[in-house]
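Let's take a walk through a protein model together.

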Amino acid sequence: MESIFPPLVALLLAAVYFYRWASTPATPTPTLLKTTPPESQANPEQTVTKEPDLPTDWLTSPAIFELEKRAIFSKQWLPLALTPLFTKPGTYITSTPAGIPLFLIKSKDGQIRAFHNVCRHRAYPVTRPGRESGCSTVLSCRYHGWSYDSYGKLIKAPKFDGVQGFEKSANGLFGVRVNVSGGVVWANLSTGVEGGEPDMKKDETANGLGVDVGGSAWVGGGRLEGVFNWKMARETRTLPSRQCSFIQTVLGSFLWQRESKPRSAFLFPNMFLFTMPSSQDWISLNILPLSERTTSVRYDLCSSSPEKANEEGSRALLSSLEERIKTLISELETKCQSGNSNFTSRLSELDIESSNKQARILDYLKEHFRLEKIHGEEIYPAKREPRIHKRYEQAEQLCKELECIGGGSDGLNSLAW
């Protein structure tokens, strides 16, 4: 009979091996974790860091901007203006969120309305080109003279009167949904009918500002443009003694800000409101992208005491505000020219407040992107379909044959929103 000692020893060694293997804790599969590069792994104290939540091209990608255009600026409620700016019927203000031309106007009935700033005939602007604001109850396209009233109705179409098949009532301006809340004018470009009012969070109202926004008087303001991504206004800026955002820097530029902390409100995704301590004045900053690298900054100074709106101190404050914003825009443009690597490294410098704002933008983009993947195509919530009205096409053709107007493509075909 062969000795059984060798098999028993082998069995005992196998049992010890499996016991040690089973008692060793399993290493989790990394998801958002990354280790140090191979060349540094000789260090016994290996470091583990969290992968950035934001894409590395968050501030430079044309594709991300186009997604923002579809997911946010043509879909969500946008704070575009303040009621104190609309002093009388016919007052209008132009706005171009994500490159989409709009204008807001106070109609004769006192209501504020919004329209696509595109003539229904040849897609030319109906407000005067180059003018950011004005006052007129009749707006005329300077291409062929089509005119619209403050309600967006077509009231004049030269050389089309009497043309069979042409109806003025079917060729008014394309309207945009508007909601006025707490002195702030919100607009929604989506063609959907769901959601009649903005679904705002507590930090998205002007109530916490401590002033009557709607009852204030407009002192003055303007609009400046800069070559930087609009989301950079929310990032942290490194200063010698502290870190702060574009908005916080504006606040800190006034010496009396040290006396007390100003009240502020952020209206997602693009408007900031804040008061000026020791003053009856308050400020609105409206930051809107024109492209992935170009941003519009509209600044407005208002006074909660209308009788003091034109005092010398308010005018001096307005001048100081404008100069400070010009300086900050110049600084952001310099950073924009410094290269993508700087953009990427700064994402890790965001403070909690700025990070939350960036994360919310990212959430909207992910949600809309998932919707597009389900449908298998890009979705443009604010898109207007080209005109398919056969009677209009017949009238247009007849007018061409009569040599009333020149040729050209229908203006609606240029609306790619």
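Start with cysteine 302: its relative accessible area is 0%, so it is buried (buried means under 20% relative accessible area, exposed over 50%, partly exposed in between, with a 1.4 Å probe and protein chains only). A quick word on what you're looking at: this is a predicted model, where local features need pLDDT of at least 70, side-chain atom pairs count only at pLDDT 80 or more, and totals for chains, interfaces and linings use all residues. Residues are numbered from 1 along each chain as its sequence is written, and side-chain values use heavy atoms, leaving out hydrogens and water.

Now, how many disulfides are there? Counting pairs of cysteine sulfur atoms within 2.5 Å, we get zero. Take cysteine 141, which is in no disulfide: the nearest cysteine sulfur, on cysteine 119, sits 4.0 Å away. Cysteine 141 is also buried, because its relative accessibility is 4%.

Next, find the open sheet, with three antiparallel strands in the order β8-β9-β10. (Strands are DSSP runs of E, at least two residues, and helices are runs of H or I, at least four, numbered from the N terminus; two strands pair if DSSP finds at least two bridges between them.) β8 (138-140) and β10 (154-156) are the edges: each has a single partner strand, so one side of each has no neighbour in the sheet. Three bridges link β8 to β9 (residues 147-149), and valine 138 has aspartate 149 as its bridge partner in β9.

Finally, there's helix α4 (residues 312-336), with 25 residues.

Terms used
Expected span 1.5 Å × (residues − 1).
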